[in-house]
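Please open the model in your viewer and keep the selection tool at hand. The tour below goes from one selection to the next.

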Amino acid sequence: MSNVSIRNLCVSLGGNRIIENLDLDVIESEFLVLLGPSGCGKSTLLHSIAGLIDVADGSIAIGGEDMTWADPADRRIGMVFQSYALYPTMSVEGNMSFGLRIGGTPKAEIERRVKRAAEILHLEPLLKRKPSQLSGGQRQRVAIGRALVREADVLLFDEPLSNLDAKLRAELRRELKLLHRKLRSTMIYVTHDQVEAMTLATRIVVMQGGKIQQIGTPESVYSKPDNLFVAGFLGAPGMNFLNGTLACDRSMVRFAAGQVDLDVSNYAFKHEPRHDMTVVLGIRPEQIQIGDQGNLTGVVSLVEPMGNHEIVWIDYCGHSLAAIVQEMREFKADDRVRFSVDAAKISIFDQFDEARL
Amino acid sequence: MNATVTRARRNTRLDPARIGIYAFLVSAAAFFLLPLYIMLVTSVKPMDEIRLGNIFALPLSFTMEPWQTAWSSACTGVDCEGIRGGFWNSLAIVAPSTVLSILIGALNGYALSFWRARGAGLLFGILMMGAFIPVQVMIYPLVQILAALHLFSSLPGIILIHVIFGMPVMTLLFRNYYASIPEELFKAARIDGGGFFRIFLQLMLPMSTPIIIVAAIMQVTGIWNDYILGLVFAGRENLPMTVQLNNVINTTTGVRLYNVNMAATILTSLVPLSIYLVSGRWFVRGIAAGAVKG
C-alpha cells in the first residue's frame, strides 16, 4: 500500500505533447479512476506511472520514493491490460508465477502466492490450462491474478473490462470492487466507461486533452461538475443544456432564454452573479419532476421505455429536454405535461470560460 | 399438404469452361513435369539405349548403376569419388548456417519490433538495402575481408557468409511476425521484470514456432541451392554438392554419361525437393508473410 504523487508531469509521444504540467496525488488505499474520452491522455498517464513510457519532465513518486526513472519491475506495481496480455505458451500457473520466477522468489513462496491469488479469483481448477483454453472473463481473471501475486503496492488497470461482453463486465466490475475492499491496495483504473467510473471509484479524475478537468468523489463529479466538459461527459442521457442570460433583480436571480424564464434564486453561486451574464444552464434528466403541481409546461415528443424507468423527451419552448421518470406512467407523444426543476440541484456555467458559477 | 422445397443441386456437369480450365492445368503441369520425367527415365537407362535418341521412351533394360556411379564413383575433375562428399559438405554448411541465421534474424526482429533503439528504423533500412544489392558486387570485397580474417576457404568462412546474406530477409521475416504480437504482451513482461534476453528466450522464441519453420525452409533450400558463394568461399575441402555436380557434368574426358549426370542432378535436388513436398503449405505462408506485410 502506497500513495502515488505526480508532480509537473510532461509526456511526449512521437513529438506530440500528450500531457503537460500535470499534478496528481493518489491517496493510499484509494480506488482512483481516470476517466475521459479516447485520446485524452489517461492511458498515457497510467503507462508513465508504470514506467512503460519515458517522461519528458516532472517526477513520479510511489510510496514516497522517486520512481521517475526506475525500471517498471522495480516500481512495486502490478498492471492489468485491456487485451489481457497473457503469455500464450505458458499455463495459467506459469503466467502468474513468471514475474516471481524471474525475481528468484523461493519455490514455496511462489506456490503460496499463486495459490492465494487463485483462491481469491476462483482460478484453482484452471491452473494447468493454457490461455487459449480460457474464456474472456477467465483470461482477465488470470491477468488480475498475475498482478496480485506480485503483492504490489499499487495496482494499475488499463481498461481491463473493455473487451468483455456487457454481462461479464458487470460481474467482473463487482468482483473488482470486492477485491479492493479485501486487499485495500492502492488502485489506479483507466476507463472511458462512466458506469465503471461511478461504481468503482472512491475518487474520479476526469481528463480531457491531457489536462485534469476535475477530481472528486463520484457524487460530486456527477452532481457538481466543475465545467461544461465534465457536465456533458458524465450521465446518460446527458445533461440538458440551455443557453441564456442571467437577470439579477435585488434578491431575485432569474434565467432567461427566449420564452424560457426560470427562477434560480436558490442556486448556490460560487461567485456573485452579474446582471446580463451569458450562461449555460445544465439540468440532469432526473432533476426534472413531471407532475401536476409543476410550474412549467411542455409537450412530450418521445418516450423511451428502459424497463425499470422511462426517458421522456419534452419539448419546452423550442428546447428538447430529457427527463427520467422512475414510476412507469403512461406518457404518450404529444401529451401536454407539467413539470418543475429544483434550482438548488442544477448547474450553471459561464458561457465564455465554461466554468461552474 | 406441406409445400415441398426442391433442393438446389450443385452443378457438377462438365461444361466447356470447366474443360478449358482442366486442359490448361494439365498442360501447365506437363510443361513442368516433362523435364523431370526425362531425367528420371534417362537416369535408369544404359548408355546404349540413350544413344538411340528416344528420350521420351521408357527404359527397355532398367539399371540403377548410373545412380551408384553418381553417388560414389563419378569423376569430379581429378578425383573420382562421386558427389557423396559434396552431400556431407552441403549438410555441414547448411545446418549451422540455418540455425545461426535464424537466431540472429529473430534477435534482430525482436529488438527492432519491441525495443526500438534510437536509429532502429535507419538501421533496418540499411539492412533492407543489403537485400537488394546483387551478391556478385560484394564478392571481391568479401574475399579480401575473409582473407584478412583468415577465414577464406574454410567451413566457418562459408557459414559466416551465409549468415550475413541471410540476415536481411530473416530480420524482415521476424520483424513482421513480431509486429503482429500485441505490444501489451511485451509491456506485461517488462513489468514482470523480464530483461532483453529473458523476454526473447522465454517468451518470444517459444511463440515463434510457425515463423521459425518458415525461416528454416527458406534458409535450408536457399543455402542448399547456392552455387556461387560455395564455389568462391568454401575452399577445396568443403565444396558443396551443387559445385560438385557442376564438376561432374563438366568433366570433359571421355564420353558424356548422360544417365550419370541425370542421376547426380536428381540426387542434388532431392533435399530441397523433399522439403517443398513436405512443407509446401508452410512455405507459401512464409512467402505471403514476407510479401504482404511490410
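What follows visits the domains of each chain and then the contact between the chains.

This is a predicted model, in which local features need pLDDT of at least 70 and side-chain atom pairs count only at pLDDT 80 or more, while totals for chains, interfaces and linings use all residues. Residues are numbered from 1 along each chain as its sequence is written, and chains are lettered from A and ligands numbered from 1 in the order in which they are written.

Begin with chain A, and select 4–233 as domain 1 and 240–350 as domain 2; these bounds come from an automatic or database domain assignment. Over C-alpha atoms, the centres of these two domains of chain A are 39 Å apart. Five residues of domain 1 of chain A are in contact with four residues of domain 2 of chain A, where contact means that the C-beta atoms, placed from the backbone, lie within 7 Å.

Move to chain B, where domain 1 is 16–63 and domain 2 is 84–292. The centres of these domains of chain B, again taken over C-alpha atoms, are separated by 34 Å. Here six residues of domain 1 of chain B touch seven residues of domain 2 of chain B.

Finally, show both chains together: the contact between them takes 16 residues from chain A and 14 residues from chain B. On the side of chain A that touches chain B, select β6 (77–80) and α2 (92–102), each of which supplies at least two residues. The largest share of that side, three residues, comes from α2(A). Helices (H or I, at least four residues) and strands (E, at least two) are DSSP runs, numbered from the N terminus.

Note on methods
Contact = placed C-beta atoms within 7 Å.
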